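Colleague: I'm new to this one and would like to learn how to read it. Could you take me through it piece by piece?

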Amino acid sequence: MKSKYLFSILIFSFLGAYAQDATTLVKGIRANLEKINDYEADAKFKTEISFLKVPDAVVKIYYKKPDKIKIKNQNGISLVPKETVSISLYSLLNSHYTALDGGTDLVQGIPVRIIKLLPADENAELVLATLYIDTKRLLVLKAKTTTRESGTNEVELFYGKFLPVGLPDRIIFSFNTEDFKLPKGVTFDYDDGTAKNKGAEPGKNQRGRIEITYLNYAVNKGLSDSLFK
Amino acid sequence: MWQLLQIELLKIFRKPRTYISFGAIAAMVIIIQIALKFDGQSYIEFLTGSLKDSLEIPYTNILNGYFVCFIILNLLLIHIPLLIALVAGDSIAGEANMGTLRLIASKPVSRTGLMLAKFMATIIYTALLLIWLAFISLLISILIFGTNDILIARNDALEIIQRNDVLWRYMAAFAFATLALTTVAALAFLLSVFADNSVGPIVSTISIVIVFTILSEMQIPLYDRTIKPFLFTSHMLAWKGFFYSKVDSGGSSLPGTIENIRAIGKSSLILVLYIIGFVSAAIYAFNKKDILS
Amino acid sequence: MSLVTVSHLSKKFRSHNAVDDLSFSVEEGDVYGFLGQNGAGKSTTIRMLLTLVRPTSGHIDIFGLNLNKERKKILSQIGAVIEKPDLYKYLSAYENLSLFARMSGFINSKKELNAQLEMVGLAGRETDLVKTFSQGMKQRLGIAVALIHNPRLIILDEPTNGLDPQGIADMRNLILHLSRHLHKTVIVSSHLLNEIEQISNRMLIIDEGKKIVEGTVESLTDPARTLVEVTVDNPIAATSRIESSSWFCYLIKTENNHLIFQLPKHLIPELNRSLVQLEINVLSLQAKNSLEAQFLSLTRSKQNVAAFTD
């Protein structure tokens with residue numbers, strides 16, 4: 001499974017921090033992340049991409065440390081965007097970076113500290129990561145990553161009933177997508193007069209959105225590697 | 001009327017050429033099924049284009065019976081008019097050629113009644129051909145490929161319909177296809193009145209369908225508003241409308257919905273008007289016709 | 001009352017007059033011969049009687065009913081074989097017969113249908129497909145189809161076309177059987193004079209869509225009105241000598257070097273003697289009945305003798 005973008009989403013969900021300064025705060029988050037070896041979850045998967053018209057699906061999400069992730073729609077088909085984040089935050093947190101304090105802000109009405117991570121390697125795919133951390137509950141509520149190829153992606157995490165295990169109830173990920181076109185001679189479309197891709201300009205980048213609502217988690221049950229093939 | 005219809009059905013279904021269509025459909029469907037069984041992924045890659053770089057595409061799940069049936073319909077509903085024309089174009093001209101037209105037209109039945117019976121028999125043939133197509137393209141595909149959600153490739157979007165939301169759409173699509181192909185039958189039927197040999201009406205019908213289809217598919221602004229909305233071939237594709245779902249404000253498609261039911265209704269109405277027009281013209285011309293064959 | 005009354009019937013195909021102001025009537029029980037060359041307008045007239053062709057003008061009454069208004073009623077009592085009897089080749093003889101019976105509004109039992117096939121000599125071939133039949137068998141099946149609903153009027157358009165001599169004889173006997181024993185009225189068209197002469201009691205000769213002559217075959221072949229065509233070397237001298245003789249009242253026409261007389265057949269030897277006595281040089285002398293004469297005048301004008309002598 002190469003869905004690094006989702007890997008990233010889930011990595012974010014482990015982030016919690018106690019430290020006062022930026023570096024310590026991030027290190028704390030990494031330490032928390034270490035506690036989760038694997039999990040299996042049922043989730044509602046909602047896709048909002050201009051060229052995809054898909055119904056909400058119930059999917060199974062499998063995660064295994066350090067970077068394995070698999071989303072399976074056991075009852076049907078889901079088209080899962082991949083590589084919208086080409087560098088995992090996990091790799092970033094395990095590599096050399098500089099953590100800078102970016103001040104404070106409000107996310108979901110909660111005061112947060114902004115921490116900016118700059119990779120030490122100048123050639124890294126990730127250019128900049130910005131974390132919005134709820135320092136009271138020690139949770140990452142939002143993260144923005146800027147990569148060389150995919151532009152800026154954003155993830156927002158909502159916590160609730162799964163807070164005791166340190167995992168989010170809901171994640172909203174937004175990213176850049178490109179337009180999709182097939183020749184009419186291939187599809188023989190029926191023109192039913194419905195306006196297509198409202199506001200979209202062909203060839204221009206548009207924003208896509210994925211929303212995952214977790215229904216349950218089974219943490220550290222020892223998942224087999226074969227699940228991720 | 002029932003008596004005449006029975007006679008016309010007997011004539012159609014005792015004629016060897018009728019079964020060419022059933023055989024041809026079976027052959028074409030089986031060829032497509034075999035091709036997809038062995039190389040379905042290439043076709044899906046072709047349909048999804050560059051998206052495989054940005055999306056995780058579950059090829060084995062996509063290649064299921066529902067999807068295969070959709071591909072078959074997409075490919076064949078362009079060609080089936082030929083098979084419909086084969087029988088509808090023969091209905092009057094074939095009898096003229098065989099010399100039986102003068103016999104039946106000198107029987108104590110009205111020419112209008114005779115034409116209606118012939119046309120109804122053609123509709124029954126068309127419907128049976130589609131039931132046969134449904135049987136082998138849907139049931140056999142399900143047996144070979146199983147079922148799953150269906151991926152619909154539109155020219156600017158990919159659409160997924162859940163498997164438990166598919167079957168009724170197929171029923172509606174096949175019903176609509178019967179209407180669409182009845183329009184072709186009505187055209188062939190009309191042309192059949194003017195010929196004493198079935199080759200002419202068959203070839204003319206196919207030529208008209210091809211030219212109209214090209215006009216329907218060409219994206220030329222001049223034609224888009226002037227000609228296209230009135231071409232029956234533009235509306236024959238409306239069976240696909242049953243596979244387009246509505247989306248909610250969040251962009252998710254809604255199971256059990258149709259994107260634009262009014263458009264399908266309008267297309268149906270236009271096709272019905274075409275059928276009425278063609279058949280009325282055929283009846284009028286046949287009533288005026290001097291039978292010299 | 002006539003069974004069929006045709007008045008001032010015309011049919012124009014573009015500029016061509018296929019039938020031109022044709023009037024005739026057929027009485028109940030007639031075997032009515034319809035005689036003319038190919039293209040004379042026989043088939044067009046018959047097709048108008050069967051509503052296959054719409055007249056340009058004129059009226060047709062059959063069974064005392066107007067054909068335009070009572071089409072169904074009239075056609076249900078007509079049986080027809082038009083030109084060669086084309087039937088559904090991919091159906092069996094039985095199926096063809098059953099199909100046309102139902103179209104005529106009759107539901108016949110299997111026994112009746114088989115009896116009809118037996119009558120036309122197709123017993124044992126009921127289930128065979130028509131495509132395996134010879135021309136004669138198809139013709140007989142065509143007759144069975146025309147008769148299955150027991151029609152009052154039978155119309156046969158060139159029924160002997162394509163038949164061998166035995167087939168022609170069988171057809172002749174069938175028509176006579178229909179008329180004499182089943183008391184049917186039959187309209188039969190042909191381009192063969194002897195055929196019509198042998199079976200018809202009344203007849204019509206048609207050419208270029210126009211009526212040439214209509215009457216009973218008896219009157220048209222009356223020996224009291226035999227035509228004698230005398231070919232002479234000097235028609236002017238011959239005519240003047242005849243004018244002064246008692247034979248002048250029998251001379252009806254002088255045409256080139258032919259003198260045409262109409263007289264009782266038994267006077268021909270006496271005429272022959274008188275011509276010698278009048279010193280008229282006779283090159284030939286030929287006697288014909290009026291029917292034959294009418295035909296010959298038609299064929300001569302079209303130089304198509306073969307059609308009437310084969």
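Colleague: Let's start with salt bridges. Which side chains meet in a salt bridge at 2.2 Å, N to O?

Modeller: Those of Arg14(B) and Glu95(C). Bear in mind that this is a predicted model. The pair belongs to the interface of chain C and chain B, where the rule finds 3 salt bridges.

Colleague: How many residues of each chain are in contact there?

Modeller: On one side 32 residues of chain C, on the other 31 residues of chain B.

Colleague: And how do I put a size on an interface?

Modeller: The general idea is that the size is often given as the accessible area lost when the parts come together. Here, chain C and chain B bury about 2,900 Å² between them, and carbon and sulfur atoms give 57% of that. Looking at the chain C side, Leu52(C), Tyr90(C) and Met103(C) lose the most area to chain B, together 25% of what that side buries.

Colleague: Which chains share the most contacts?

Modeller: Chains A and B, out of the 2 pairs of chains in contact. Chain B gives 51 residues to that contact and chain A gives 34 residues. The area buried between chain B and chain A is about 4,000 Å², with 53% of it on carbon and sulfur atoms. In chain B, the residues that lose the most area to chain A are Glu56(B), Asn155(B) and Asp156(B), together 18% of what that side buries.

Colleague: How many salt bridges does the rule find across the interface of chain B and chain A?

Modeller: It finds 3. One to look up is Lys53(A) with Glu259(B), whose closest N and O atoms are 2.7 Å apart.

Colleague: Then what about chain A and chain C: how far apart are their closest C-alpha atoms?

Modeller: They lie 40 Å apart, and no contact joins the two chains.

Colleague: Back to salt bridges for a moment. How many turn up over all chains?

Modeller: A search of the whole structure finds 36. Take the one that Glu95(B) forms with Lys11(B), where the closest N and O atoms are 2.7 Å apart. Glu95(B) sits in helix 6 (residues 90-98) of chain B and Lys11(B) in helix 1 (residues 2-14) of chain B, so this pair ties together parts that are 84 residues apart in sequence.

Colleague: Now helices. How do I describe two that pack together?

Modeller: With two numbers: the angle between their axes and the distance between the axes. The crossing of helix 3 of chain C and helix 5 of chain C is right-handed.

Colleague: Which residues meet there?

Modeller: From helix 3 of chain C, Ala93(C), Asn96(C), Leu97(C) and Phe100(C); from helix 5 of chain C, Leu141(C), Ala144(C) and Val145(C). By class, the residues of this contact are 6 nonpolar, 1 polar and no charged.

Colleague: At what angle do helix 3 of chain C and helix 4 of chain C pack?

Modeller: About 115°, with their axes 10 Å apart; helix 4 covers residues 110-119. These two helices of chain C are therefore roughly perpendicular to each other. Helix 3 of chain C brings Ala93(C), Tyr94(C), Leu97(C) and Ser98(C) to the contact, and helix 4 of chain C brings Lys110(C), Leu113(C), Asn114(C), Gln116(C) and Leu117(C). The contact of helix 3 of chain C with helix 4 of chain C has 5 nonpolar, 3 polar and 1 charged residues.

How values were computed. Residues are numbered from 1 along each chain as its sequence is written. Chains are lettered from A and ligands numbered from 1 in the order in which they are written. This is a predicted model: local features need pLDDT of at least 70, side-chain atom pairs count only at pLDDT 80 or more; totals for chains, interfaces and linings use all residues. Side-chain values use heavy atoms; hydrogens and water are left out. Contact means heavy atoms within 4.5 Å. Buried area is the accessible area (1.4 Å probe) that two parts lose on being put together, summed over both. A salt bridge is a side-chain nitrogen of Lys or Arg within 4 Å of a carboxyl oxygen of Asp or Glu. A crossing is left-handed if the near helix is turned anticlockwise from the far one by less than a right angle, and right-handed if clockwise. Helices (H or I, at least four residues) and strands (E, at least two) are DSSP runs, numbered from the N terminus. Ala, Val, Leu, Ile, Met, Phe, Trp, Tyr, Cys and Pro count as nonpolar, Asp, Glu, Lys and Arg as charged, and the others, Gly among them, as polar. Axes are lines fitted to C-alpha atoms, for helices over the stretch in contact, and angles run from 0 to 180 degrees between N-to-C directions. Angles under 35 degrees count as roughly parallel, over 145 as roughly antiparallel, 65 to 115 as roughly perpendicular and the rest as oblique.
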